Every structure is written in C-alpha cells, then in structure tokens.
Amino acid sequence: MAEELKERSEMDSRFMWNLESLYKSDADWEKDLEALDDLVKVAASFEGKLSSAERIRHFLNASTDMERKLSNLFCYANLRKSEDARDPKAQDMYARIYSKYVQASTAVSFAEPEILSLPEDVLAAITEEPILDEYKRTMIKLLRQKPHTLTAAEEKLLASFGEVFGAPEEIATNLQDADLVFDNAKDAEGKEVEVSESNYILLQMSKDRALRESAFHSFYKSYQQHINTFAATYAGQVKAATASAAVRYFESSRAAAMAGEHIPVEVYDNLIKAVRKFMPSMYRYVSLRKKMLGLDELHYYDLYAPLSDGVQKKYSYEEACEEVLAAVEPLGQKYQEIVEKAFQDGWIDVYPNKGKHSGAYSSGTYDSNPYILTNFVGTLDSVSTIAHEMGHSMQTYLSNHAQPPQDADYTIFVAEVASTVNENLLIEKLLRENAEALEDAKQSGNAEAVLNVKTERMALLNQYLEGFKGTVYRQTMFAEFELQAHAAAERGEALNASKLNEIYQNLIQDYFGPELVMDDEVKLEWARIPHFYSPFYVYKYATDYSAAVALSEAILSGDAEMKEKMEKGELSTSLDATQVNPAVKRYVEFLSMGGSQDPLDELKHAGIDMSKPDSIEAALVKFGKVLDEAEALMND
C-alpha cells in the first residue's frame, strides 16, 4: 500500500530546494515586483525612436534588464506554486506576475516591427555597427525575420487573430480534459477500474492484460464518439498554420515552423529517411516483445506492458545521487563538482507532497542557480529522471556562466541533448556493472543469482530499447503524420476524420510491422496527441535523442581510451577529462554555448552534423546492437 503523502509543512527541509539564489523571502519578491514597473517604463519609452544603432543598443540594454527581472519574478512564483498548487499565496503571486508579464510584453511589442520596418540595407548596416557587437546574435536573428515581416498595419491585424488561431487547441483540450467520459475498465478478476485521461497510460503499463485491453477499448470508445469534432479542431489548427505561413511568404507551414531556429527542412527529411531505413529493427523489437510476453497475438495495448516479473530494485535518494555522480564521471571532475554542488546546496526538490506539481522539470534564471523538481519514489526511472533533469540544469548552469544574458538561452532544438546524454551514461554504467555481476554470479555457480542478474540486465536493456521506441521511432512517426496532414491541407484536400484516420493507420502499420494486430481503435490515437497543436515540434525529440546517443558513444569510447593510457602511465591521472578526451572537451564547450550560435552549428562543434543522416543512423545502429543482446539473452 502506497504511503500517504505529507503536507508541504511536514517535509524534511534537507530534501527541499532552497530558493534564496532567487529571493530570500516572499517579501523580497514583492519589493522586486514593485520595482518592475519602472524597468518596463524605461524600455517602453523607446517607442518611435529605434532608428539608429545607438538607440537600438540602449533599448536592448533596457529590455534585457527588464527581462532578467521578469524572469526572476516569474521563476520564483512558479517554483513556489509547484511546491503546493493549493497554496493561495503562491497562486496569487503567480497570477500577479503572469499579468505583469503580459503587460510588459505588450509594452515592448512595438520594438521588433519598428526595427524591421527599416529598409533592409539600413538594417543590415546597423547590425554591423560596433556599438551593437554585444547584441550581434540578437540582430542577426532579427534580420532573418525581415523577409517574413509584414507592414505594421498587417502585423497588427494578424496579431488580432491570435485568440482565433489558438481556439482549435483550446477546444480540443477542453474536450479531452473536461468533456470526455470513459466507461470503467475491468481487470482479470472482473473488478471495475476507473479510466481517465490522466491514468490511461498507467493502465496500459499494467501487468494485467485484461485490464489493459478493457481500458484500451473504453478509452477509444469515447474518442470515436467525438472523432469528427477532434478532426475539425485539428484541421482548424493546420489551416491556421498554413495560412499564417502563406501570408508570411514561407514555402510551407513546416518551413515557417523550422525557420525560428534556422533549421533547414532537410534535417526533418533526413530523420524520416533514416528511421524508415532501420524499420526492420523495430519489427524485431516488436517480435521480441511478443515472445517475451508469451503472446499468440501482440496488440497495441501490449506495447507498454512490463516485460519482467522480477522485483524492481529500489534506490534511496542518497544512492540515486551516488549513481548519477558516478555516471557523469566521464565528463570530468569539474562537471562532477557542479553536480555534487547541486545535490548539496538545495537545487533539488526531491520527494512528492500533497499538492506538489507532478512529474519533473529543470528551471532557474540567469541570476540564480538551476532548480530541479522531481517526485522521487526510489525506482530506476526516478534515478534516471534525476540524471535527465541534471543534464538540463548543467547546460543552463554552464551557458549562464559562459554567455551574456542575451545569448544564454539555448534553443528547443538542442534542449534534450544534454538530458539524454546523462541518461545514456547512467544506463551504460549500470550495464557495465551488471556485466561484472553476471560474471561473478556465473563463477560462483549460483543458478538463482545468475537468473536474477540476467533478469535485471533484461530490464536495463528493455529500458534502453523503450527509449528508442518512444523517442526515435514513435516521435518520427508523429513527425510523418504532421508532414502528411499539413501537405494534404496545402494541396487543398479536406482533413476530415476519415482522412486523418487513414494517414495514422498506415503509419502505425509501417512503423510497427506485421507482428502487431491492428485493432480498429488504433487509427484514432492521433486525436489524443497534444503536441500536434504545436506544429512540427515533435521531430526535435527524435533528433536530440539520436544526437545524444552518438555523443555518449563518443564520450565513452574516448573515456575508455583515456583510462587505458592512464593505467599505462602515458597520461597523468591528475588531468581532467576535458583536457585529454576530445569528445568531452567538445561536448562541454557545446553545453556552454547557450544560444550564441545556430543550433546546427553548436551540434557540429560537439561533433554531430545533423544536416546529414549519419548521426541518426549511428544511433539506430546502436539500437540494433542493444536489440541483438536482448534477443541473445532471451534465448540463453
């Protein structure tokens, strides 16, 4: 029976974050909130004056000061609200800073259209003036928007349709979260179990197949009843994106979505081509899953079922910290020291409590240390989550310490690389240790010990494989669905339920292969994917995961070579990994770049060229190797 959650006031402060790097108290936050208005007024005072490099420089200084203050205020209020969403004071603080944020954004919304209204040759010349050297990157990104920026009147008109463009997502969200009603599912013993939007995936991960199947049919029964409404909302979203792209002179809605991070569409196409080339590996994994579950038929509701009946190893928080600290050892002593500082200095809010935000995230500002929210429950997933969020926090920390505030924020395109590298380093460490334990167990002649270690190994291998399935294959399938849906709309075809169901069903068949039995409800899954209302976003998960696999492989390969040389006395043991492992040196420099370069250039510096399919293919080769071992272990 699960332990009842405690109130926030009952939690041990040793395992709660210390927000003093932002504000020492709520009272200090209130003082800064009062001071914000003056900073907004200063930035807003430049309206109608942005016609020279000097004035633009002064405005950018003022707006940067304003944004730093806003960031601190917003972050603190959000972290306080995350501690306990029921706390009325935290709710009030968040509501007030959100309102101030909207007001501040509105007050300086004149700036970009005003600067971009300058003739292109004048703007290009201003960008090159030395007085703007500190804002070179800001101006380059602004200059790129020039061909896609309309007149001031047209921009104002387009902005007035913001709520209209956002309506499809809001309608779909309300339908999902508030209006859908699901029949109860039944488990193997005939007991009724409630089905909801929030617990559906948990039910699909149950060991009880009868419950998984019943929940699956219940869930999609409700979606089927509203599928025409979902089709209409998604079609509205696609039409808004394609119309907006067209009036801004983009070739397509995809090109418009990718232009913000200066990513060529070839990156998207390379991802799909590479994954399709390695589709047989996914078919093998589906087959392995079917065999391990002992099923005559593998259905969609079997894809998340646990493969091991063994007792999952439990970790204390202290053990989790030790595991993560040891896992990142290949990244060098300096990297480890910062991670250790995070564990010791109150960067992390560890355990769940009543009202606490679910899941996990990394946050923080340019002026504070990073903060990690997690809900640690002692599983391997909990340990992996700490490694993942620490990757985000380390990239934030290193970027903030290496870049000026205007260039410190890294783009979404590279955001999941650092987190996934840490996850991969962790699982590779656990696999190495498991291999040693397996050898010891075999030498001891203890058959039960051998079986237990093999069971643990299969769980580790499957976690690796599930990462590829969920993040590379599945997100690429989503990316293909978006591509086909938007292309159909741009050809003038109707995006009704029949069309969307057909696209999705064909992709499921392509991506999961002949071993998967196609239940009729599978074709409806597109309707429950919220990311589709943020066009052409999901492909980044797959590209980042692929890049992270390639980077972690290079880091570990260089680490093994470095240690071998140290053992032979060819290298001093006092040297940091950044000094003797080129892959680590490049990677840590990449983590420090923030948004100072285009994301593709930053990844190239790390050693990954995403303009070619090589890194994606290398990651999928790794998937095949892990699969080889899992198949061999299954047959052993």
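Visitor: Which residues does Gln-312 touch, not counting residues up to four places away in sequence?

Guide: This is a predicted model, where local features need pLDDT of at least 70, side-chain atom pairs count only at pLDDT 80 or more, and totals for chains, interfaces and linings use all residues. Numbering starts from 1 along each chain as its sequence is written, and side-chain values use heavy atoms, with hydrogens and water left out. Gln-312 lies in the loop between strand E3 (298–299) and helix H15 (317–327); helices (H or I, at least four residues) and strands (E, at least two) are DSSP runs, numbered from the N terminus. With contact meaning heavy atoms within 4.5 Å, Gln-312 touches Thr-379 and Leu-380.

Visitor: Is Gln-312 buried or exposed, or something in between, and at what relative accessible area?

Guide: The classes are buried under 20% relative accessible area, exposed over 50%, and partly exposed in between, with a 1.4 Å probe and protein chains only. Gln-312 is therefore partly exposed, since its relative accessible area is 45%.

Visitor: How far apart in space are Gln-312 and Glu-114?

Guide: In sequence, Gln-312 and Glu-114 are separated by 198 residues. From C-alpha to C-alpha, the distance in space is 59 Å.

Visitor: Which residues are in contact with Lys-469, leaving aside its neighbours within four places in sequence?

Guide: Lys-469 is part of helix H19 (residues 447–490). Lys-469 counts as buried because its relative accessible area is 5%. Its contacts are Met-282, Tyr-285, Leu-303, Tyr-304 and Arg-474.

Visitor: At what angle do the axes of H14 and H25 cross, and how are the two helices oriented?

Guide: Two packed helices are described by the angle between their axes and the distance between the axes. Axes are lines fitted to C-alpha atoms, for helices over the stretch in contact, and angles run from 0 to 180 degrees between N-to-C directions. Helix H14 (residues 279–293) and helix H25 (residues 614–635) have axes that come within 10 Å and cross at roughly 25°. Angles under 35 degrees count as roughly parallel, over 145 as roughly antiparallel, 65 to 115 as roughly perpendicular and the rest as oblique, so H14 and H25 are roughly parallel.

Visitor: How many charged residues does the contact of H14 with H25 have?

Guide: H14 brings residues including Met-282, Arg-284, Tyr-285 and Lys-291, and H25 brings residues including Phe-623, Asp-628 and Glu-631. Nonpolar covers Ala, Val, Leu, Ile, Met, Phe, Trp, Tyr, Cys and Pro, charged covers Asp, Glu, Lys and Arg, and the others, Gly among them, are polar. By these classes there are eight nonpolar and three polar residues, and the number of charged residues is four.

Visitor: How many charged residues are in the contact of H1 with H3?

Guide: The axes of helix H1 (residues 26–44) and helix H3 (residues 88–107) come within 10 Å and cross at roughly 10°, so H1 is roughly parallel to H3. Among the residues making the contact are Asp-26, Glu-30 and Asp-37 of H1 and Lys-89, Arg-96 and Lys-100 of H3. The residues divide into nine nonpolar and no polar, while the charged ones number six.

Visitor: How do H18 and H23 lie relative to each other?

Guide: Helix H18 (residues 412–444) and helix H23 (residues 582–591) have axes 11 Å apart and pack at an angle of about 135°. H18 to H23 is therefore oblique.

Visitor: Which residues of H23 meet H18?

Guide: H18 contributes Val-414, Val-417, Ala-418 and Val-421. The residues of this contact are seven nonpolar, no polar and no charged. From H23 come Tyr-587, Phe-590 and Leu-591.

Visitor: What arc do the buried residues of H23 cover around the axis?

Guide: In H23 the buried residues are Ala-583, Val-584, Tyr-587, Val-588, Phe-590 and Leu-591. They are on the same side of H23 because their arc, taken from the directions from the helix axis to the C-beta atoms, is only 155°.

Visitor: How far is Tyr-587 from His-605 in space?

Guide: Tyr-587, found in helix H23, is buried because its relative accessible area is 1%. Leaving aside neighbours within four places in sequence, its contacts include Leu-331, Leu-551 and Ile-555. His-605 is 18 residues away in sequence, and the C-alpha to C-alpha distance is 7.8 Å.

Visitor: What is the phi of Phe-536?

Guide: Phe-536 lies in the loop between strand E7 (516–517) and helix H21 (539–567). At 2% relative accessibility, Phe-536 is buried. Although Phe-536 is not a glycine, its phi is positive, at about 55°.
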